[in-house]
Amino acid sequence: MAAAGESAAPVCVLVLGMAGSGKTTFVQCLAAHLHGQRCPPYVINLDPAVHELPFPANIDIRDTVKYKEVMKQYGLGPNGGIVTSLNLFATRFDQVMKFIEKRQNASKYVIIDTPGQIEVFTWSASGTIITEALASSFPSVVVYVMDTSRSTNPITFMSNMLYACSILYKTKLPFIVVMNKTDIIDHSFAVEWMQDFETFQDALNQETSYVSNLTRSMSLVLDEFYSSLKVVGVSAVLGTGLDDFFVQLSKAVEEYEREYRPEYERLRKTLEKAQNKQKRDQLERLRKDMGPVCMQGNTLAGSDDASAMGPSELILTRGNLDEDEEERESDTDDIDHEVTEESHEEPAFKNFMQETRMRYQRRSSENE
Ligand SMILES: Nc1nc2c(ncn2[C@@H]2O[C@H](COP(=O)(O)OP(=O)(O)OP(=O)(O)O)[C@@H](O)[C@H]2O)c(=O)[nH]1
C-alpha cells in the first residue's frame, strides 16, 4: 500500500456519489483493506437514513440524530429529514474534529461515507461546513464513486461527468473518480472516451436525440477537466483496483499540500484578521459607549493627559493616583461635610420659613 504523502496528519477521504453507485460498499472495502494492512482507518458515517452499515463506524450520525424523529418533529418528508439531520449534526462538527485530532496518531486515514442523496451533502450549508472544517485542518480528498455499468451510454456518462465536475467546483478539493463495479464491465471504455474525443464522438453518432449535439459540445468543454482528473477502476465487491486507488490518493494528497493547503492557510489568516478586526471594532464601540465615564475619569484624575486616554486606561488610572493627587484627595476628606451641607441648608430653610409666614399672613387678611 502506498503511503499517503509525507504528512503526519490523517488523510480525510470524503466519499460522494449518486445513490446506488456503491459508496457504502466502497467504504467497507477500503476499511477492510486498511485493517488487513494493520492500518485501521477512522470511519465516519454521515448518512442518517442508512438502514444497516456493513462496517463498524467510529462516529455514526445515527447515534446523534434520529432521522425519523426529526421528520416527525419538523413535519418533513424523507429528503427534508436527511437535510435537517445533517444540519443538526453539522452544528456539533467541532466535536467530531476534536475526536479526529485525538485519533490522529492511531489512524492514517479518516473515511467518510455520505448520504445517498448526493445533493443533500454537496448543495447544503452543512456539507460546506463539514468539508471546510476537514480541509482546513487535514489533507482532504474527494472520492467520487460512479457506477460504471450504468454509464455505458455516452449521454448518461456525460451527465455523470457533469455532476462530478460540479462537485469538484463546489468542494474545491483534490478529486478522484472511482469507476466502480468493474467486475460487471471494465472501465477502459470510459477512460478512452475521456482521452480520445473522436472515440466519444463515434459513440455519440449512434445517438439521434437532440441532446447528442449538446453532449458533443460539452465533451469539448470538459476536456480541461478530464486532463487533470485522477481515474481509478475498482470493484468494491471484489476489492480489486485498491492499489491503484492508493497511488492516486497519495498523488491527491501531494496536490492538496502543494495547491490547496496554501489557499486554506490564506483563508484561515483572512478569517483570523477579520475576527481580530471585529474584536477591535467591538472595543472601539465600547469606548464610545463609555464616553461620559471617560470625562468623569478625566475630572477625577485631574490630569491634562487623561483626555488622550481611553476609558479602560482611565479606569486603571483611578486606582493609581500619584502622591500629589492622593494628597489632594485626603485634603478634600478633611472638609467637614456636615458643616458645609448645613451652611447650604440654612439659607434655604430661612427662605422657606419666610415664604410660609407670608402665605399665612395673606390668607388670614383675606379671611378678615
Ligand atoms: N457488482 C457490483 N455491485 C456492487 C459493487 N459495489 C456496490 N455494488 C452493489 O450496488 C448496490 C448499491 O451499493 P451501496 O454500497 O449500497 O451504494 P451506495 O452508493 O452506498 O447507496 P446509497 O447509500 O443508497 O447511496 C448494492 O447492491 C451493492 O451490492 C461492485 O463493485 N460490483
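Me: Why is K181 called partly exposed?
Reply: K181 has a relative accessible area of 21%. Buried means under 20%, exposed means over 50%, and partly exposed is what lies in between (1.4 Å probe, protein chains only). At 21%, K181 therefore falls in the middle class. Please keep in mind that this is a predicted model, in which local features need pLDDT of at least 70 and side-chain atom pairs count only at pLDDT 80 or more, while totals for chains, interfaces and linings use all residues. Residues are numbered from 1 along each chain as its sequence is written, and side-chain values use heavy atoms, with hydrogens and water left out.

Me: Where is K181, and what is it in contact with?
Reply: K181 sits in the loop between β6 and α9; helices (H or I, at least four residues) and strands (E, at least two) are DSSP runs, numbered from the N terminus. Apart from neighbours within four places in sequence, K181 contacts G20, S21, D147, S149, V234 and S235, where contact means heavy atoms within 4.5 Å.

Me: What makes D147 and K181 a salt bridge?
Reply: A salt bridge is a side-chain nitrogen of Lys or Arg within 4 Å of a carboxyl oxygen of Asp or Glu. The closest N and O atoms of D147 and K181 are 3.0 Å apart, so the pair qualifies. It links distant parts of the chain, 34 residues apart, with D147 in strand β5 (residues 140-147) and K181 in the loop between β6 (175-180) and α9 (188-195). D147 counts as buried because its relative accessible area is 8%.

Me: How many salt bridges are there in the whole structure?
Reply: The search finds eight. Among them is K72 with E69, at 3.6 Å from N to O, and E257 with R261, whose closest N and O atoms are 2.7 Å apart.

Me: Why are K72 and E69 separated by about one helical turn?
Reply: Because they are three residues apart in helix α3 (residues 67-74). K72 is called exposed because its relative accessibility is 65%, whereas E69, at 40%, is partly exposed. E257 and R261 also have about one helical turn between them, since they are four residues apart in helix α13 (residues 242-289). With a relative accessible area of 28%, E257 is partly exposed.

Me: Which class does Q248 fall in, buried or exposed?
Reply: Q248 has a relative accessible area of 12%, so it is buried. It lies in helix α13, and beyond its neighbours within four places in sequence, Q248 contacts I176, K230 and V232.

Me: What makes a set of residues a nonpolar core?
Reply: The members are buried Ala, Val, Leu, Ile, Met, Phe, Trp, Tyr and Cys residues joined through side-chain atoms within 4.5 Å. The largest such core here has 57 residues, of which I44, L134, F157, M161, F175 and F225 touch the most other members. Helix α8 (residues 154-171) gives the most to this core, with seven residues. A second, separate core of 30 residues includes V11, V143, V232 and V234. As for F157, its contacts beyond neighbours within four places in sequence are M146, S151, M179, A190, W193, M194, F200 and Y226.

Me: What does UniProt place at residues 9-173?
Reply: The unreviewed UniProt entry gives "domain: AAA+ ATPase" there; UniProt positions are in the numbering used here, feature names are shortened, and annotations may be inferred rather than shown by experiment. In the model, that span is 52% helix and 16% strand, and its end C-alpha atoms lie 17 Å apart.

Me: How many helices and strands does the protein chain have?
Reply: The chain has 17 helices and seven strands, and buried residues make up 39% of its 368 residues.
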